[in-house]
Amino acid sequence: MFITVAVAVPSVEPLTYAVPVDMEDAVELGKRVEVPLGRKRVTGYVIELLNGSDLKNVRDIIDVVDNEPLFDEKALHFYSWVAAYYLYPLGITLKHILPGGIDRKNLSWIAITPEGLACPPDRFAGRRKLILEEARKRPEGLSLKELASLFSDTAIAVQVRFLERAGMVAISEKPGRAAVSRKMETFIVGRPEIPPLSTLTERERLLFDAITAGSPPTVVLSDLKTRFPRAHTMLKSLERKEFISLRKREIYRRRPRTLDIGPTNRLLELNEDQREALTRIQESLAARRFAPILLHGVTGSGKTEVYLRAIETVLADGGGAMCLVPEIALTPQLITRMGDFFDDRSIAVLHSGLSPSVKFDEWRRIRRGEPHIVIGARSAVFAPLKDIRLIIVDEEYDGSYKQENRLPYNARDLAIVRAHHESATVILGAATPDIQSFFNTQERNYLYLSLPKRVEDRPLPKVSVIDMKKEKELRGTLPVLSIPLERAMEETLSAGKQTILFLNRRGFTTFLLCRICGYVFRCRNCSVAMKHHLSSQSLRCHYCGYSIKALPLCPGCGSSSIRSYGVGTEKVAEEIESRFPTARVARLDRDAISSQASHEKILASFDGGKIDILIGTQMVAKGHDFPNVVLVGVISADTSLAMPDFRASERTFQLLTQVAGRGGRGEHPGAVIIQTFNPDHYAVIHARSHDYLGFFNEELALRRTMGYPPFSRLVNIRISGSDREAVMALAARLGLLARRLAAEPGSGVVVLGPAEAPVALMQGRHRWQILLKGPSGDRLRSIAKTMENSVAGTKASIFIDVDPLTFL
């Protein structure tokens, strides 16, 4: 028997291995196996079973890792498509898709040789002598990691290699343990036919009565030990006397209970638009064929109610449903709503905020067909859910669905692809649909469904735009809060209602600058200004995490004239607490929260009315439903407009519309105040009037003129390395190659660049990029692949981003 194995090693195609006879029954598609690769042993994934092979000297697999497959043939077909589309090695793609922490980590094992045992003690000195002495004490050997720990020296491998070349020690690979594995528990079963109780001591009798008190007569060992701390000896006696038997079973580690956030136990009667949308969705579900649907509903229009009923339809017919949200922050509220109407055991959750062990167990629950609903962020699109009938992508426009590093996939796009593979219905839901998605309803076979009104005919919030140029002229300096926003906040507090303030920046200020010489505190690893964080009195880079203490004097000229420019959430919070000392203020951004639990706690407190003013970044801008919020303030609408990206206007319109939609979702009407230096920008104008179609038409005309998506496809080639000259040389060579390939007849490909990336240095690596633009995605990927294949042996590397969303 032979198998094809995908290994998680760059530039290595799937390989053929032989299966020893004693392992044939254990090998299945979708299981992991340990295989030899050169001198190493690596973990691979079985992707094909073969009856024979024409290859010679095929090596045997070493071990079968899994008791059950992690994916089936249908899922593998989807995963293989993903790898091919994004030009990513299949083995590494599978490694990224599957739960983390499940692979064995092989150990470098050091054992003393006969020559080492016979070596005179004084032949070596220093660290080498100490290593040999330790190896003599441990003839069975020890790991390099353990040796490094003993000597507190992470660079000890250099000395070990020296001793290996001298023949004193031998280094081999030994299989280690995975960080995550199945969890087993011991339970005790009382035998149905028991010997005479007279053979038991009084304490054994009490213990046996506790074991057999339930029906069936079983008890978990850990529970029993809390009641009988010295039960171990008595249990052995009871087992020996055949009163009980001890057994093991697998148990799941479940996600921590989610705090209830948002409206609960509420199933509104659908309005006419919702009923019409649900009917059309149910027709698509009944047809059991691929059906892409755009559900375009204004904020507060009740899209979630439609989702719930569509899922209910799927479950009633025995199918599975998947619901994706762009941020982990949105899962608690969705879980709360789902938990009100579906059995919690039928729901699985997958996102990066879960521990590796919980993700591993959730994955296997899904694979075994136990839950029928999967909720999660972007990685949940890969879940091995059986019989998928419906995939929902909420807030489908959101850029968080795109992973920017490693495997650079877009979960929104892959949801559509997976629905096609599964002959399923996919619903793209949004108040501000992606330009491409709305375009697809006009030019492609996407069904368009509209929810133009809020539930219960509640009005959309009134939006006011404040020109901050006039505010600065009026007050002589640029304030954090305009006079209208400050007054509105006072009125909201007096009325006992809540306010959300939105700012798309973290930290205390945007940056610190010396007013004498112009020195800007920049990250030593990245070419970006560092952000000032007041709470820790530090400057921090938000790209690589490098931080330093805030300095009182300028490193450039020694002046103390260091001033802050811009404003972040921390500075806004300080300003609000100073201006409204009795208000209960909280921040919601990635600097203010340390874990998923702290994030949920802030949202639950806000939902429970324990916070008056919530200040946040994009985490507050979408998806949340807080009925007591009547005021939303946008501190600066200009941040996203200034981004070096052709989608900057679209993102600004979406953010403004989404954050505005957090207001007035209860019984009281809402108000939105947008502060900006660009009140006449078309994105701001259309956001003020809640006019998506007007914005779409204006933006589409610009895209058509410039030849950007949806009128073209894009692939971005990023060249990076620690040697700037090598990066520039490779970028120039790849630019020439790309232009030669693009010049072929009928190509239609335009090559932009090479150019230095807007963030030219990140984490110590210099960055350049080349953008490929053309009508055919296949042609662009073919050129990108040829460029990648030409890079071997250089000091720089390239990263291919198919369908990029950012260009920083």
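Which residue of strand 32 does Gly721 stand opposite? The residue opposite Gly721 is His766, in strand 32.

This is a predicted model, in which local features need pLDDT of at least 70 and side-chain atom pairs count only at pLDDT 80 or more, while totals for chains, interfaces and linings use all residues. Residues are numbered from 1 along each chain as its sequence is written, and side-chain values use heavy atoms, with hydrogens and water left out.

**The sheet**
- Strand 30 (residues 713–721) and strand 32 (residues 765–774) pair in the antiparallel sense over nine bridges; strands are DSSP runs (E, at least two residues) numbered from the N terminus, and two of them pair if DSSP finds at least two bridges between them.
- Four strands form an open antiparallel sheet in the order 31-32-30-33, with strand 31 (750–762) and strand 33 (797–802) as the edge strands, each pairing on one side only.

**Helix 5**
- In helix 5 (residues 144–151; helices are DSSP runs of H or I, at least four residues), Leu147, Ala148 and Phe151 are buried, that is, under 20% relative accessible area with a 1.4 Å probe and protein chains only.
- These three residues lie on the same side of helix 5 because they cover an arc of only 100 degrees around the axis, the arc being that of the directions from the helix axis to the C-beta atoms.
- The face turned away from the buried side of helix 5 carries Lys145 and Ser149, which are exposed (over 50% on that scale).
- After helix 5 comes Ser152, whose phi is positive, near 50 degrees.
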